Amino acid sequence: MNIQSTSVSRRRPADISFGEEDFRRIAAFAKSAYGLHLEASKKAMIHSRLSKRIIALNLEGFSDYHEYLKANLEDEADHFISALTTNVTHFYRERHHFEQLQNEVLPPLVARARSGGRVRLWSAGCSSGQEPYSLAGSVLRLCPEAPRLDLRILATDLDPFVLRRAEAATYSSEECTLPDGEWASQIFEPAELAKPSRRIRADARSLVTFRQLNINGPWPMSGLFDVIMCRNMAIYFSSETQHVLWRRLAEHLTPGGMLFIGHSERVTGPATALLAPAGVTAYLKRPAQGAPTGCSTGKD
Ligand SMILES: C[S@@+](CC[C@H](N)C(=O)[O-])C[C@H]1O[C@@H](n2cnc3c(N)ncnc32)[C@H](O)[C@@H]1O
């Protein structure tokens, strides 16, 4: 491997060449390690992001980077993942899902929690936390005492950098465009809404547990979820990987539980036998043969 001297660090991403073979190797590695499906159409984005990394590491080019990655995976994995994933998100994204939750899905779950039952929600591919905190806000709007009940939200993502941001729970005013005051007040104290940098309310934070999880790897959770949001992540996977993911998600839902997916995604493959369409990009787990109930978020 060639690690070059100072002149290398003055290079710009455009100076690093990225041929077909480089793309093929990076894509094969991303697929085998994380199940990520890198479309050829994303080549320019991948080139730009990984070239910055190559320059920061003072490496010569993609060939060296590939060797470096294999030899230093433990140190480099976080940067590699972060460079390849897209973390766009916002509060109450695809608002119709939160309206459906508010009007149909959450009321019986809240009633169950109020009578001592267990309720679990999962934001899979949670990015920097806006999605699980929007879920928490929806819950608190109906049930202010939720933190004292057995109701919890698990939030997972592969990218450790976005998870750190999510746990910090602080967002700039530009990131806080919310549908209206009532929705906003479930996530932020009114005084916070006047600040340039806003912290999520303590009760909303207390409902959410963040964990790093590769959705295409093993899942340590042992039980079932009442609601799963897995939105705008599967679009990065091949249709084969999506089929496996939809089936696994369906198997991790309680009968009658709901799966919400992204606006450009559709459940296809074997999971269609387990899930019935129940709204816009929303699916209901069909009543099923005996399955275990309850699940662990790792918080309890
Ligand atoms: C575009 S964001 C979607 C965020 C949120 N669900 C939403 O719809 O607003 C996609 C997220 O999926 C995560 N992701 C991509 N591949 C993943 C994988 N294999 N396992 C877990 N998370 C992954 C990315 O890190 C990113 O934060």
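## Confidence and the ligand site

Over residues 290-300 the pLDDT stays under 50, and the model has 31 contacts for this stretch beyond four places in sequence. Keep in mind that this is a predicted model. Residues 1-8 are another stretch with pLDDT below 50, and here the model shows 17 contacts beyond near neighbours in sequence.

Now for the ligand. Where does the ligand sit? The space it takes is the largest pocket. There are 23 residues around the ligand, and T89, R93, G125, D157 and N232 come nearest. Sorted by class, this shell has 9 nonpolar, 9 polar and 5 charged residues.

| Residue | Part of the residue | Ligand atom | Distance |
|---|---|---|---|
| N87 | N or O atom in the side chain | oxygen | 2.9 Å |
| G125 | polar backbone atom | nitrogen | 2.8 Å |
| D157 | N or O atom in the side chain | oxygen | 2.6 Å |

How much of the ligand does the protein bury? Taken alone, the ligand exposes 600 Å², and the protein buries 99% of that. Two of the residues in the table, G125 and D157, are also among those that come nearest to the ligand.

Methods. Residues numbered from 1 in each chain as written. Predicted model: local features only at pLDDT ≥ 70, side-chain atom pairs only at ≥ 80, totals over all residues. Heavy atoms only, no water. Near = heavy atom within 4 Å. Polar contact = N/O pair within 3.5 Å; in protein donor to acceptor, adjacent residues only side chain to side chain. Areas by Shrake-Rupley, 256 points an atom, 1.4 Å probe, with all protein chains shown as cover. 1 Å grid on protein atoms, 1.4 Å probe; cavity = no way out; pocket = protein on both sides within 12 Å on 5 of 7 lines; lining within 4 Å. Sits in = over half its atoms within 2 Å of the grid points. Nonpolar A, V, L, I, M, F, W, Y, C, P; charged D, E, K, R; others polar. pLDDT = per-residue confidence, 0-100. Contact = heavy atoms within 4.5 Å.
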